[in-house]
Amino acid sequence: MQTVTPEFIAGMPKAELHLHIEGTLEPDLMFYLAERNGVSLPFETVEDVRKAYHFSNLQDFLDIYYQGARVLLTEDDFYDLTLEYLQRAYEQNVWHTEIFFDPQTHTERGVAFETVLNGITAALKQADEDWGITSRLIMCFLRHLDEQAAFDTLAQAMPHRDKIYGVGLDSSEVGHPPSKFERVFAKAREAGFVPVAHAGEEGPAEYIWEALDRLHVARLDHGNRAVDDPALVERLAQDQIALTMCPLSNLKLCVVKDLKDHPLRRLMQKGVRVTVNSDDPAYFGGYMNENYLAIARALELTRGEVLTLAGNAFAASFVSESRRKELFDGLARYVASFA
Ligand code: HPA
Ligand code: ZN
């Protein structure tokens, strides 16, 4: 059996479905923007920043991640951030990407909703024109904030339904179950936003049930803890609810002790549509190719399984059927090139 090499992964067309744009802020760009905007950082050097990136749980990471985001102030900042990510996506053969953004992280600091949105969408347009990368934008509510703040954010998004495809739920999970946002999600769905939610990263399987039955999500972000509940695994397989899993994130945030313990393969073998993604690559030590390679090595995945993962992401993407066909055709050509 042919082994999965870095070259095999690098050459494979991919889609990324779980990526926080604020989590692509590399230390170099953080310093550059801090300087450009006159924002002071609690770090002296890029080395200091990297040394601070040791986390024992989700909250440890979020504290540093919200700190870093303070350097983002202007439309150009959001454009530069997004284009830098898209450049890497292009270099890694990512053909389609679905990007989360957290408006509340910025509006709370006095940055206008439109400043964030216009900077990001200008870069998305550029990447489509220059490199043919297609994308969708998903606006996340910060779950540690209250329901009213989420309603206010939804109201700000209403005039921009042409640019924002879906709504999601992120930040500190435990103690902030999906049910807290049931009414906001109902209103968002009514307005035409496609719902997704982070669930079962640190929170229990019960939170995944809530995301399914109370938020009516089209896709689940992380979902690791589904393995604790056989009835839930069956439901996910039956309804083909995709999980956007993030191996290096799970390792860095101690969701798994060792990647060998990661539930991705067990879930895949039970018929769940699992996918591989990078989450916050600037903080977790790897973009798409590094995530694929790490999980393939740890779980000794076959080339066939890796191709299934790539295909799962195309199947679970929020793309037109004609774009989906292009993605699958690209994957088929890649497979044929090895025959
Ligand atoms: N989980 C929850 N919130 C987040 C994450 C995550 O992995 N990344 C950025 N915000
Ligand atoms: Zn995430």
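Mentor: Start with a charge over a ring. The charged end of Arg219 sits over the ring of Phe318, 4.0 Å from its centre.

Trainee: What makes the charged end of Arg219 sit "over" the ring of Phe318?

Mentor: The rule asks for NZ of Lys or CZ of Arg within 6 Å of the ring centre and within 35 degrees of the ring normal. Arg219 is listed at 4.0 Å from the centre of the Phe318 ring. Some ground rules: this is a predicted model, where local features need pLDDT of at least 70, side-chain atom pairs count only at pLDDT 80 or more, and totals for chains, interfaces and linings use all residues. Residues are numbered from 1 along each chain as written, chains are lettered from A and ligands numbered from 1 in written order, and side-chain values use heavy atoms, without hydrogens and water.

Trainee: Which residues coordinate the zinc ion (ligand 2)?

Mentor: His18, His20 and His198, each through NE2, and Asp279 through OD, at 2.0 to 2.3 Å. Donors are N, O and S atoms within 2.8 Å of the metal (3.2 Å for Na, K and Ca); water is not among the atoms, so sites may look incomplete.

Trainee: Why is the site of the zinc ion (ligand 2) called irregular?

Mentor: Its 4 donor atoms make angles of 83 to 175 degrees. Four donors count as tetrahedral if all angles lie between 85 and 135 degrees; four count as square planar and six as octahedral if opposite donors are over 155 degrees apart and all others between 65 and 115; anything else is irregular.

Trainee: How do you know whether His18 is buried or exposed?

Mentor: Buried means under 20% relative accessible area, exposed over 50%, partly exposed in between (1.4 Å probe, protein chains only). His18 is at 0%, so it is buried. His20, at 3%, is buried too.

Trainee: How many aromatic pairs are there?

Mentor: The structure holds 17. In one, Phe55 and Phe284 have ring centres 6.4 Å apart and planes at 85 degrees, so the pair is edge-to-face. Rings of Phe, Tyr and Trp (its six-membered ring) pair if their centres lie within 6.5 Å; planes under 30 degrees apart count as stacked, over 60 as edge-to-face and the rest as tilted. Both Phe55 and Phe284 are buried.

Trainee: What makes Phe141 and Phe185 an edge-to-face pair?

Mentor: Their centres are 5.8 Å apart and their planes at 65 degrees, so the pair is edge-to-face. Phe141 and Phe185 are also buried.
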